[in-house]
Amino acid sequence: MDVQRKLEILADAAKYDASCASSGTEQRDSSDGRGLGSTAPGMGICHSYAPDGRCISLLKVLLTNACNYDCLYCVNRASSNVPRARFTIDEVVKLTLDFYRRNYIEGLFLSSGIIRSADYTMEQVVSVARKLREEHHFRGYIHLKTIPEADDTLIAEAGKYADRLSINIEVPEETSLAKLAPEKNVRAIRRTMGRLRLKLDEAAEKPATKTRPPRFAPAGQSTQMIVGADGASDQTILTTSANLYGAYRLKRVYYSAFSPIPDASRALPLIAPPLVREHRLYQADWLMRFYGFDVGEIADGHENGMLPLDIDPKLAWALRNRQRFPLDVASASREELLRVPGFGRKAVDRIIATRRITSIRVADLARLHIPRNKALPFIVLSDHRPSARLLDTAGLVERFKPKATQLGFGF
Ligand code: SF4
């Protein structure tokens, strides 16, 4: 099989993994004339977008899509009837360097089906990164998928070469994993996450001596959870995420709407990918990480533990907590302002800077990039006070729901 055909199969097989967007690595470049490529802190890779709107990409492939395991949600499972392929280590190295030189990619995301054993597979994955870094002085971004049961020395070596390591938790509940991925061991996954965390902590420590701690995955670790393959509610998913962030200091949890993969197992729901649900989970995750909300505030009180799909989770929280509003923008704390629907973090910073020198009026909201209709029922400004009746009306929520649209007839 030629490399082009392998690439078609193995890039396609990798597309279901959402955990490869990246950020926060160390800065490297090859301006000293040695090596190839560069990375800059804070840049995302793998179809993510830079602040200027530029799409940043990476070569996202599997070393092989053959796998001994039979995880029902995975297109590469042993019982799946898909064409199989396997790259050699040198083929992935060459592809990465060629694509990099041609400016197609800025890094590599490498994962693999499990072949022979966890150690053998991990050794193969690490060999690609080792070769890129040590023989070709590749300075671009490398994200490696970690195989949970792999030996500690291999994990340590992976962290030496990779910018980011990830290991997918797959589904939020242990019972679902036992049903959908019987060979996977949730304890092994968590144990490996714990080992990664220890190594990340060690690498981050600033020892009193001049010896620097060994380099270990400067962009941290991430994971992915599949949404909709089992019956877990949003509340369960978000609780699992909160635990993962707390226990393992993950950089990101990625949510991936389960899509009925080709040749899907009959044990899985035949539904369209729940993309809006995935979006609401990302919004809720954002609220936990950057807006000071805890899981209970976001997820409690919803039917069956599911976030509403028609309004965003912050607005849903504000509507359930109307007694806390309206908030006086002139005197509210930063924490309170962050809870106002329509107020983003940058907008809150601008409000705080602006109110030091002048009072904020309705007309200023556009300048502060705040959606006026969303925010006005919840705030007091120098020339605006919402009527108490408006905040109390049962129909307030309707104001924010998307308008129904007439479907076309298609002819
Ligand atoms: S271990 Fe499971 S999820 Fe990973 S490639 Fe194999 S079948 Fe897919």
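The chat below goes through a predicted model of a protein with a ligand.

Reader: Before I start, what should I know about how this was made and numbered?
Author: This is a predicted model, in which local features need pLDDT of at least 70 and side-chain atom pairs count only at pLDDT 80 or more, while totals for chains, interfaces and linings use all residues. Residues are numbered from 1 along each chain as its sequence is written, and side-chain values use heavy atoms, with hydrogens and water left out.

Reader: OK, and what is the mean pLDDT of the protein?
Author: The mean is 85, and 86% of the residues reach 70 or more, where pLDDT is the predictor's confidence in each residue, from 0 to 100.

Reader: Where is confidence lowest, and where is it highest?
Author: Confidence is lowest in strand β1 (residues 48–49), at a mean of 41, and highest in helix α3 (residues 118–135), at 97; helices (H or I, at least four residues) and strands (E, at least two) are DSSP runs, numbered from the N terminus.

Reader: Which residues have pLDDT that stays under 50?
Author: One such stretch is residues 40–45, for which the model has 22 contacts beyond four places in sequence, and another is residues 48–54, with eight contacts of that kind, a contact being heavy atoms within 4.5 Å. Where pLDDT is low, the predicted coordinates should not be read in detail.

Reader: Switching topic, which residues surround the ligand?
Author: Around the ligand are Cys67, Tyr69, Cys71, Cys74, Arg77, Gly113, Ile114 and Lys184, where a residue is near a molecule or strand if one of its heavy atoms lies within 4 Å of it.

Reader: And how do the residues of that shell divide into nonpolar, polar and charged?
Author: Five are nonpolar, one is polar and two are charged, given that Ala, Val, Leu, Ile, Met, Phe, Trp, Tyr, Cys and Pro count as nonpolar, Asp, Glu, Lys and Arg as charged, and the others, Gly among them, as polar.

Reader: Now the helices: at what angle do α1 and α2 pack?
Author: Helix α1 (residues 3–13) and α2 pack at about 85 degrees, with their axes 12 Å apart. Axes are lines fitted to C-alpha atoms, for helices over the stretch in contact, and angles run from 0 to 180 degrees between N-to-C directions.

Reader: What does that make them to each other, parallel or perpendicular?
Author: α1 and α2 are therefore roughly perpendicular to each other, since angles under 35 degrees count as roughly parallel, over 145 as roughly antiparallel, 65 to 115 as roughly perpendicular and the rest as oblique. In this pair, Val3, Lys6 and Leu7 of α1 meet Glu91, Leu95 and Phe99 of α2.

Reader: How do α2 and α3 cross?
Author: The axes of helix α2 (residues 89–101) and α3 come within 9 Å and cross at roughly 45 degrees, which makes α2 oblique to α3. The contact includes Ile89 and Val93 of α2 and Gln124 and Leu132 of α3, and by class it has six nonpolar, three polar and two charged residues.

Reader: What about α4 and α6?
Author: The axes of helix α4 (residues 152–161) and helix α6 (residues 186–204) come within 11 Å and cross at roughly 50 degrees, and these two helices are therefore oblique to each other. Asp152, Ile155 and Ala156 in α4 meet Thr192, Arg195, Leu196 and Lys199 in α6.

Reader: Last one, which peptide bond is cis?
Author: The bond from phenylalanine 325 to proline 326 is cis, with omega near 0 degrees, and proline 326 has its place in the loop between α10 (313–320) and β9 (327–328).
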